[in-house]
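Dear colleague,

Please find below the structure that I am handing over to you, together with its sequence. My notes on it follow directly after.

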Amino acid sequence: MPFFLRDATPSDLPAISEIYRESVLNGVASYEIIPPSESEMASRFSANTSLGYPYIAAVDENGALLGYAYASAFRTRPAYRWTVEDSIYLAPTARGLGIGRALLTALISRCTELGFRQMVAIIGGAHPASIALHRALGFEETGLLKGTGYKHGRWLDTMIMQRPLGDGKDSDPNPSVYPGTLFDG
């Protein structure tokens with residue numbers, strides 16, 4: 001399936017909301033139980049993009065959204081400002097076609113260019129395909145939280161994986177340039 005990547009825009013929000021809705025209702029990547037409304041998804045999109053975090057869309061040759069990935073604050077305390085968390089969601093018909101890998105590769109590149117130093121993946125349901133994707137792109141397992149979610153009638157584990165970006169922890173960041181300027185405090 002041919003596809004290309006571009007920045008997500010507000011016009012993508014209906015499709016983003018539908019992809020996420022399907023994931024909430026049928027998957028374990030998200031521990032939400034009730035899909036958020038499109039207006040809530042718009043608020044989340046705006047909150048992330050207004051802070052300069054990348055939000056990437058994968059679309060087919062007709063412009064239909066196949067999936068999306070974004071980075072967000074791992075935590076909102078100022079000392080965490082050089083660490084991002086990745087999120088990737090794909091339409092059911094787009095799974096297993098390399099689209100998730102392309103999205104995550106682009107997200108890693110963009111976050112590195114922006115000056116972030118670590119990327120963390122919080123993998124709901126410890127989903128084997130997601131773990132394999134992250135491992136293939138240089139993430140290491142850093143923790144397993146057992147039985148931390150209950151969804152679809154079963155307890156779910158949560159895998160934590162981490163990947164350095166750029167210099168990682170090998171040099172001090174510059175607090176006077178982005179992302180050092182993200183949080184006051």
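Which residues of helix 4 (residues 128-136) are buried? This is a predicted model, in which local features need pLDDT of at least 70, side-chain atom pairs count only at pLDDT 80 or more, and totals for chains, interfaces and linings use all residues. Residues are numbered from 1 along each chain as its sequence is written, and side-chain values use heavy atoms, with hydrogens and water left out.

In answer, Ile131, Leu133 and His134 are buried in helix 4, where buried means under 20% relative accessible area with a 1.4 Å probe, protein chains only. These residues lie on the same side of helix 4, because they cover an arc of only 160° around the axis; the arc is that of the directions from the helix axis to the C-beta atoms. They pack against strand 4, helix 3 (99-114), strand 5 (118-124), strand 6 (140-151) and strand 7 (154-164), contact being heavy atoms within 4.5 Å. Helices (H or I, at least four residues) and strands (E, at least two) are DSSP runs, numbered from the N terminus. After helix 4 comes glycine 138, with a positive phi near 95°.

Turning to the sheet, seven strands form an open sheet with mixed pairing and the order 1-2-3-4-5-7-6; two strands pair if DSSP finds at least two bridges between them. Strand 1 (3-7) and strand 6 stand at the edges with a single partner strand each, so one side of each is left without a neighbour in the sheet. On average, neighbouring strands are turned by 25° against each other, direction ignored. Helix 3 packs on this sheet, and its direction makes about 155° with that of strand 4; axes are lines fitted to C-alpha atoms, for helices over the stretch in contact, and angles run from 0 to 180 degrees between N-to-C directions.

Strand 3 (residues 65-73) has eight of its nine residues buried. Strand 3 pairs in the antiparallel sense with strand 2 (residues 55-60) over five bridges, and isoleucine 56 stands opposite alanine 69. With strand 4 (residues 83-90), strand 3 pairs in the antiparallel sense over seven bridges; here serine 72 stands opposite glutamate 85.

Finally, isoleucine 16 touches Ala8, Met41, Tyr55, Leu65 and Tyr68, residues up to four places away in sequence not being counted.

Yours sincerely

Terms used:
Buried < 20%, exposed > 50% of the residue type's maximum accessible area, 1.4 Å probe, protein only.
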